[in-house]
Amino acid sequence: METIVVFTGDRDLNAVITATISESLQGFRIKTFESRHGVLDLVYDSPPALVILGCYPDHREFVNVLREDPILSNLPIMMILPAGELVERWTDMPVDDYLRAPPDADELRMRVSLAIFRAHRVVETNPLTMLPGNTPIVKEVQARLERGAEFALAYADLDNFKPFNDKYGFTRGDEILRMSARLITNIVKHKAPKDCFIGHIGGDDFVFMIAPEKADAVCAEIISGFDRIIPTFYDSEDRESGFIISHDRAGNRMLFPMLSISIGVTINNGAFEHYGAISSAASEMKKYAKGFEGSVYRIDKREKGA
Amino acid sequence: MKTAAEIRDEIESLSAIPTLPTVLTDVLKLIDREDVSVNQIGDFISEDQALSARVLKMVNSPIYGFPGRISSINQALMLIGLGVLKGMLTGVAIFDVMQKTMVGLWEHSIGAAAAARIIAQKAGIKEVEEASVAGLIHDLGKVALGVCYPAEFGQCVERARAEQKYIFDLERDIMGVSHAEAGSWLARKWNFPRQLVEAVAYHHKPRLAKEAKKLAATVHLADALIKMTGFGFGGDPFVHPVDEEAWALLGLSDDDVKDILLELEDSISGTVLSF
């Protein structure tokens, strides 16, 4: 159960806020605090869905204490400002939203649920591709497993990406990642619009989930699209020759073929119970696919052990 | 007369170029179909310079994060996605006034695209689709000038016919800028790949191209060959001579050109716009 922290420095205001939001927000535990002491402990122990601060003499300073730690930079914070207090620069008080004390009950309820909704929506996207990152990926896989959904989990990554980056630089490498994200997203959404999910684990690792019967068609189209587009991102002499000279991980100069994409897919037929198990099955398939030259996909169609 | 800088500002403020009314009708029919595929839309767009320019502008927009990279319509469509594409097509604009000049120009552009494709194949150029796109949009600047300065551009077309002059020279006399310049401004502003910008800018003087000499030469020759067939009308009363350096760069023989012309006749006989 997620927690909402209420720490306004005013016992009566704490009580009013708690009473107001507990009526309308089910599924949240509301914890009130009278000193900042316990707040930090709780925030680090299990990050709350929302922190409501306000009317406390050093609330400005406390917001900055919270925000200073990068790990808390996305923690949703709402400030209840005393009547008449103006904030000239929000950089001095980096909160997500504010309300005027004493807060109107309807306004408070709506703002609180909006703040939580917004936090869920923007949770950890990869800044390069704006696709959901690791945490939402794990959550989504786990949720599907828990409701017993039938789905294919695919891991995709690029072959020879490191030597490409070494030769052409990170800017061009980032272009490749954005292009790949776009391509995967469009094909998945077009071919399998129902219940699809696309995420970016980081670097050149992507993940997508689709209905099992669509897996073949989607993977085949991603591979052919990738192979068609990729030469565009090379300088003309490399495009002509079809390879680049760069360095491997050990620093040896050698020839590398054009970038390709490898996809490994596993299908959940009810045999997987948790994220770790299905994730390693898909990783294994991707490793297997990477053993083949060029862009390749491999779908694990083996029966899972009963 | 406006200064070149003023004209450049006005040209660059265009967010798109309009297309012909018939094209719009066909677009709407096409996207209404439930089962329409990306390839079908791609084939359609590849025959219209306004739509092609729009697609290239969109896929090369900085928001996608790989500006100046994509010069192929089919690749662009894969990266834009069908949903966005349909939205974009519904917002397409048509010419306020139906101009005969523009119909001729449209045919000239489609023809140049076909010619550039065939030349690229014969000359062993790998990027055949890029050549075709460059042929299609090489006269983008004429549409832009026609939209921004209809009276002046109309005068250019009229005087080219009456005085037997190149429209390129008249544009410079009357407006102070040529369609090649105007087109390259737009292509650059819209983040088109550098090769395409150069092909548009130097299709009259391919030897001035820096990185895309071969592509500019291809379009230059395509422009001449399509004029020879008499298909469409780009505004010039006669066929321009082919630049020697461009000719040498492509390494084609006279027989190759005969083959190209035959193939071109075949290819355009199927492409008749209905008005």
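Which side chains meet in a salt bridge at 2.8 Å, N to O?

1. **The salt bridge.** B:Glu127 and A:Arg239 are the partners, and their side chains meet at 2.8 Å, N to O. Note that this is a predicted model. The count between chain B and chain A is 2 salt bridges.

2. **The helix at the interface.** On the side of chain B that touches chain A, helix α5 (residues 73-80) of chain B gives the most, with 5 residues. Polar contacts also cross here. The rule finds 12 residue pairs in polar contact between chain B and chain A, both residues at pLDDT 80 or more.

3. **Contact and area.** In contact are 15 residues of chain B and 15 residues of chain A. The two chains bury about 1600 Å² between them. Carbon and sulfur atoms give 53% of that area. Three residues stand out on the chain B side: B:Arg69, B:Met78 and B:Leu79. They supply 40% of the area that chain B buries against chain A, more than any other three residues.

4. **An enclosed helix in chain B.** Look next at helix α12 (residues 179-189) of chain B. It is largely enclosed by the rest of the structure, because 8 of its 11 residues are buried. The buried residues are B:His179, B:Ala180, B:Ala182, B:Gly183, B:Ser184, B:Trp185, B:Leu186 and B:Ala187. What covers them includes four helices of chain B: α1 (4-12), α9 (140-148), α11 (167-174) and α13 (194-201).

5. **After the helix.** B:Asn191 follows α12(B). The phi of B:Asn191 is positive, near 60°.

6. **An aromatic pair in chain B.** The structure holds 11 aromatic pairs over all chains. One of them joins B:Trp190 and B:Phe192. Their rings are tilted, with 6.0 Å centre to centre and 55° between the planes. Are these residues buried or exposed? B:Trp190 counts as buried because its relative accessibility is 4%. B:Phe192 also counts as buried, with a relative accessibility of 4%.

7. **An aromatic cluster in chain A.** A:Phe164, A:Tyr168 and A:Tyr234 form one aromatic cluster.

8. **Charges over rings in chain A.** Two arginines are worth a look. A:Arg144 places its charged end over the ring of A:Phe151, 5.7 Å from the ring centre.

Notes: Residues are numbered from 1 along each chain as its sequence is written. Chains are lettered from A and ligands numbered from 1 in the order in which they are written. This is a predicted model: local features need pLDDT of at least 70, side-chain atom pairs count only at pLDDT 80 or more; totals for chains, interfaces and linings use all residues. Side-chain values use heavy atoms; hydrogens and water are left out. Rings of Phe, Tyr and Trp (its six-membered ring) pair if their centres lie within 6.5 Å; planes under 30 degrees apart count as stacked, over 60 as edge-to-face and the rest as tilted. Buried means under 20% relative accessible area, exposed over 50%, partly exposed in between (1.4 Å probe, protein chains only). A charge sits over a ring if NZ of Lys or CZ of Arg is within 6 Å of the ring centre and within 35 degrees of the ring normal. Contact means heavy atoms within 4.5 Å. Buried area is the accessible area (1.4 Å probe) that two parts lose on being put together, summed over both. A salt bridge is a side-chain nitrogen of Lys or Arg within 4 Å of a carboxyl oxygen of Asp or Glu. A polar contact is a pair of N or O atoms within 3.5 Å; within protein, one must be able to donate a hydrogen and the other to accept it, and residues adjacent in sequence count only if both atoms are side-chain atoms. Helices (H or I, at least four residues) and strands (E, at least two) are DSSP runs, numbered from the N terminus.
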